[in-house]
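Please keep the sequence and the coordinates open while reading.

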Amino acid sequence: KGGYFSAHATSSMALAIFMGQVLKQHFKYIAVLLFLWAFMVGYSRIYIGVHYPGDVLTGFVFGTVVALGMYKLQQRLIAKYNA
């Protein structure tokens, strides 16, 4: 079993959060759908026995932090260079 946080959970949650933020103006429920997809990816890691729940939760948290940081950076760059 894994002993480190899940890269699958991290990357799927990061993509879901970032794209959910970017696309929320255009698609009403996209953030919810993407979050459910990321949750299912994380759950699959536990279900097939390659990670403990804590590994997946840590991956979700790390992915969320990275995604929100990148979204904030994107917004600052858009405001700076698109004005």
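K72 is located in helix α3. The model is a predicted one, and in it K72 has a relative accessible area of 52%. Since exposed means over 50%, K72 is therefore classed as exposed. G54 lies 18 residues from K72 along the chain, and the C-alpha atoms of the two are separated by 27 Å.

A31 gives a second pair of this kind. This residue belongs to helix α2, and its C-alpha atom is separated by 7.6 Å from that of M19, twelve residues apart along the chain. The relative accessibility of A31 is 37%. That value falls between the limits of 20% and 50%, so A31 counts as partly exposed.

The fold as a whole can be set out next. The protein has three helices and zero strands, and along the sequence the pattern reads α-α-α. Taken along the principal axes, the box filled by the C-alpha atoms is roughly 50 × 25 × 10 Å. The chain has 83 residues, of which 28% count as buried.

How do the axes of α1 and α2 cross? Helix α1 covers residues 7-23, and its axis comes within 8 Å of the axis of α2, with a crossing at roughly 180°. Angles over 145 degrees count as roughly antiparallel, and α1 is therefore roughly antiparallel to α2. On the α1 side the contact is made by H8, A9, S12, M13, L15, A16, M19, G20 and L23, and on the α2 side by I30, A31, L34, F35, W37, A38, V41, G42 and R45. Sorted by class, the contact of α1 with α2 comprises 13 nonpolar, four polar and one charged residues.

The other helix pair is α2 with α3. Here α2 spans residues 30-47 and α3 spans residues 53-81; their axes come within 9 Å and cross at roughly 155°. This pair, too, is therefore roughly antiparallel, and the crossing is right-handed. From α2 the contact draws on A38, F39, G42, R45 and I46, and from α3 on P53, V56 and F60. Six of these residues are nonpolar, one is polar and one is charged.

Apart from neighbours within four places in sequence, V56 is in contact with S6, A9, G42, R45, I46 and H51. V56 is also a member of the largest nonpolar core, which has eight residues in all: A9, M13, A16, I30, L34, A38, V56 and F60. Each of α1, α2 and α3 supplies at least two residues of this core. In soluble globular proteins, nonpolar side chains tend to be buried together.

Which residues does T10 touch, not counting those up to four places away in sequence? They are F5, G59, F62 and G63. T10 itself is part of helix α1. Its relative accessibility is 11%, and because buried means under 20%, T10 counts as buried. K72, at 52%, is exposed, and A31, at 37%, is partly exposed.

Note on methods:
Residues numbered from 1 in each chain as written. Predicted model: local features only at pLDDT ≥ 70, side-chain atom pairs only at ≥ 80, totals over all residues. Heavy atoms only, no water. Axes fitted to C-alpha atoms, helices over the stretch in contact; angles between N-to-C directions. Helix = DSSP H or I, 4+ residues; strand = E, 2+ residues; numbered from the N terminus. Parallel < 35°, antiparallel > 145°, perpendicular 65-115°, else oblique. Left-handed = near helix turned anticlockwise from the far one by under 90°. Contact = heavy atoms within 4.5 Å. Nonpolar A, V, L, I, M, F, W, Y, C, P; charged D, E, K, R; others polar. Buried < 20%, exposed > 50% of the residue type's maximum accessible area, 1.4 Å probe, protein only. Core = buried A, V, L, I, M, F, W, Y, C linked by side-chain atoms within 4.5 Å.
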